[in-house]
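Please read the following report alongside the sequence and the coordinates.

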Amino acid sequence: MSKGQPHPQPQRSPKTSNQLPKNWPREISYLTSIHIPQPLSSSLLHIQVNPPTGSNAGDRFDSISSLPIIESRATVSPNPLVRITPITSASHPANGQYGLFAARALPPSTFIILYLGTLHRSCNSPAAEEANASSSSATSSSITGSTADSSYATSDYDLSLDRDLGLAIDASKCGNEARFINDYRGIRPAGPNAEFRDCLVQVGPAPGRLERRIGVFVLSPGKAGGARAKGIAKGEEIVVSYGKGFWNARKDG
Ligand SMILES: C[S@@+](CC[C@H](N)C(=O)[O-])C[C@H]1O[C@@H](n2cnc3c(N)ncnc32)[C@H](O)[C@@H]1O
């Protein structure tokens, strides 16, 4: 095998846990690590330790290597910082569903939890478009397994990991507590109190290797200051902004 080629990865079955968080729905598999179905491999998520060469490659490396690093001991399952809670208030826009609430006070900038689910190619990624183009009669989900499954396009639990890599994480069938985070609209007039951020995790025994992930973080004091600077109080709902694109897509379709 020549230098620079990806190393073949053993197929990883999803890591699930027998211990479920309270209120976890039976029909959804509870994951303790990201699910990477074939033909994808975790090498897609590795970051290189040495800056790559080539135009603009260094800039991209700089932005990746400045991402927060989450130590493996910070990713406990079930997560003691949060509670999945059924919403029973008629005035809540997600009444009848679930939300994610803080089990203790969470200071600004705290890492709360990783967003876990099934890794897949985004439908508009170059690899997915190539896969779709080479298919004659099969449905997109059968072309390359998870690679170009257009069903993710309408999922309410799909989050883009890195548009440049063309990867996303979908938690509609399996995931962790993070899949229950609602959007702030109609819930918290002051705006979101948390956000999704790209981050890196240590995988394997220390020092391990670094892999890309999406984490949920309490908003930093930052520009808005005020209410955001306080962090999230114990018992408060954790809410993010899904972005206008999420809601516009549902209005149109
Ligand atoms: C990622 S899920 C969030 C968890 C969801 N409440 C559940 O119990 O599975 C996204 C879905 O939650 C609901 N949702 C989240 N935030 C909402 C909001 N601010 N207003 C109305 N519905 C919301 C919508 O049905 C949306 O498609």
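## Contacts and overall make-up

Of the contacts in the chain with a separation of 6 or more, 69% are between residues 24 or more positions apart, where two residues are in contact if their C-beta atoms, placed from the backbone, lie within 7 Å. This is a predicted model, in which local features need pLDDT of at least 70 and side-chain atom pairs count only at pLDDT 80 or more, while totals for chains, interfaces and linings use all residues. Residues are numbered from 1 along each chain as its sequence is written.

The secondary structure comes to 4 helices and 13 strands, taken as DSSP runs numbered from the N terminus (helices H or I, at least four residues; strands E, at least two).

## The largest nonpolar core

The largest nonpolar core has 40 residues, and those with the most contacts inside it are I112, Y115, I169, I181, A194, V216 and I238; such a core is a set of buried Ala, Val, Leu, Ile, Met, Phe, Trp, Tyr and Cys residues joined through C-beta atoms within 7 Å. The elements that give two or more residues to this core include β5 (111-114), β8 (167-170), β11 (194-203) and β12 (209-218).

Leaving aside its neighbours within four places in sequence, Y115 is in contact with L159, I169, A171, A178, F196, I214 and V216.

## A three-stranded sheet

An open sheet of 3 strands has the order β6-β8-β7 with antiparallel pairing, two strands being paired if DSSP finds at least two bridges between them. Its edge strands, each pairing on one side only, are β6 (118-121) and β7 (158-162). Between β7 and β8 there are 4 bridges, and D162 stands opposite L167 in β8.

## H35 in its loop

H35 lies in the loop between β1 (29-30) and α1 (57-65), and counts as buried because 24 other C-beta atoms lie within 10 Å. Beyond its neighbours within four places in sequence, H35 is in contact with P14, G117, T118, L119 and C174. The C-alpha atoms of H35 and S89, which are 54 residues apart along the chain, are separated by 34 Å.

## The ligand shell

The ligand is surrounded by 14 residues, of which the closest are P93, Q97, Y98, D156 and N182; a residue is near the ligand if its C-beta atom, placed from the backbone, lies within 6 Å of it. The elements giving two or more residues to this shell are β4 (98-102) and β10 (182-183).

By class, the shell has 6 nonpolar, 4 polar and 4 charged residues, where Ala, Val, Leu, Ile, Met, Phe, Trp, Tyr, Cys and Pro count as nonpolar, Asp, Glu, Lys and Arg as charged, and the others, Gly among them, as polar.

How values were computed: Buried ≥ 20, exposed ≤ 12 C-beta atoms within 10 Å, placed from the backbone.
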